[in-house]
Amino acid sequence: FRHLKRDQQGTMVIETAIVAPVLVLMALGAFQVSQLVARQLELESAATEAAAIALAAPPEDAAKRTILTNVIKASTGLETSRVVVTEAFRCGGNSSYITDSSTCTTGVLSKYVKIQLTDTYAPVWTQFGFGSDVDYDVVRYVMYKQQQV
């Protein structure tokens, strides 16, 4: 037994067998988290780009909003149902957005375009029963006009 107790051969193989799976899982997890963050940044960047376009060429009608939607779809690869560009309004000093400008009868009417991008990402670990899909929801309101009512 003394001989076996002092024998160091195979120690590295056993240690590697214990540590390697943990390191592989950590690397896979780090890769998946980087994918999550990259997609979030991509959607945020697309929303910022769309906001800049909306400021340069105000999307006052449906045709211009459709063009803006198509630009976002092209830059993100999202489906049409996941890119929503609509009008929104604020009356006077009210902080909430409304969808019908006719309810503003006095004061300043602020016109906005609402840019909403949604997406879902399924990390690898969900295939093994851990966690769930990650949902993205990026919303931007861009004011392009104010007028006295």
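Is Glu-42 buried, partly exposed or exposed? I started my notebook with that one, keeping in mind that this is a predicted model. Glu-42 comes out partly exposed, because its relative accessibility is 32% and the buried class ends under 20%.

**Entry 1: the partner of Glu-42.** Arg-39 forms a salt bridge with Glu-42, and their closest N and O atoms are 2.9 Å apart. Both belong to helix H2, 3 residues apart, so about one helical turn separates them. Arg-39 itself is buried, at 15% relative accessibility.

**Entry 2: the other salt bridges.** I found 4 salt bridges in the structure. One of them joins the side chains of Arg-140 and Glu-44, at 2.9 Å from N to O. Arg-140 is in strand S3 and Glu-44 in helix H2, so this pair ties together parts that lie 96 residues apart in sequence. I noted both ends as partly exposed: Arg-140 has a relative accessible area of 23%, and Glu-44 is at 25%.

Next I checked Glu-87, whose side chain meets that of Arg-65 in a salt bridge at 3.6 Å, N to O. This pair also links distant parts of the chain, with Glu-87 in strand S1 and Arg-65 in helix H3, 22 residues apart. Glu-87 is partly exposed at 27%, while Arg-65 counts as buried at 14%. I also see that salt bridges with shared partners join Arg-39, Glu-42 and Asp-119 into one network.

**Entry 3: the strands.** I followed Glu-87 across to strand S2, where it stands opposite Val-113. S1 and S2 pair in the antiparallel sense over 9 bridges. On the S3 side, Val-113 stands opposite Val-142, and 14 bridges join the antiparallel strands S2 and S3.

**Entry 4: the core.** Which residues touch the most other members of the largest nonpolar core? I get Leu-68, Ile-72, Val-113, Ile-115 and Leu-117, out of 20 residues. Helices H2 and H3 and strands S1, S2 and S3 each supply at least two residues of this core, and H2 gives the largest share, 7 residues. I then picked out Leu-68: leaving aside residues up to four places away in sequence, it touches Ala-50, Ile-53, Ala-54, Pro-59, Val-85 and Ile-115.

**Entry 5: a nonpolar patch outside.** I finished on the surface, where Ile-14, Ile-18, Val-19, Val-22, Leu-23 and Met-26 form a nonpolar patch with about 610 Å² of accessible area together. Val-22 lies in helix H2 and is partly exposed, with a relative accessible area of 46%.

Notes: Residues are numbered from 1 along each chain as its sequence is written. This is a predicted model: local features need pLDDT of at least 70, side-chain atom pairs count only at pLDDT 80 or more; totals for chains, interfaces and linings use all residues. Side-chain values use heavy atoms; hydrogens and water are left out. A nonpolar core is a set of buried Ala, Val, Leu, Ile, Met, Phe, Trp, Tyr and Cys residues joined through side-chain atoms within 4.5 Å. Buried means under 20% relative accessible area, exposed over 50%, partly exposed in between (1.4 Å probe, protein chains only). Helices (H or I, at least four residues) and strands (E, at least two) are DSSP runs, numbered from the N terminus. Contact means heavy atoms within 4.5 Å. Patches are made of residues with over 30% relative accessible area and no salt bridge: like charges are joined within 9 Å, nonpolar side chains (Val, Leu, Ile, Met, Phe, Trp, Tyr) within 5 Å. Accessible areas come from the Shrake-Rupley method with a 1.4 Å probe; for residues, only the protein chains shown count as cover. Two strands pair if DSSP finds at least two bridges between them.
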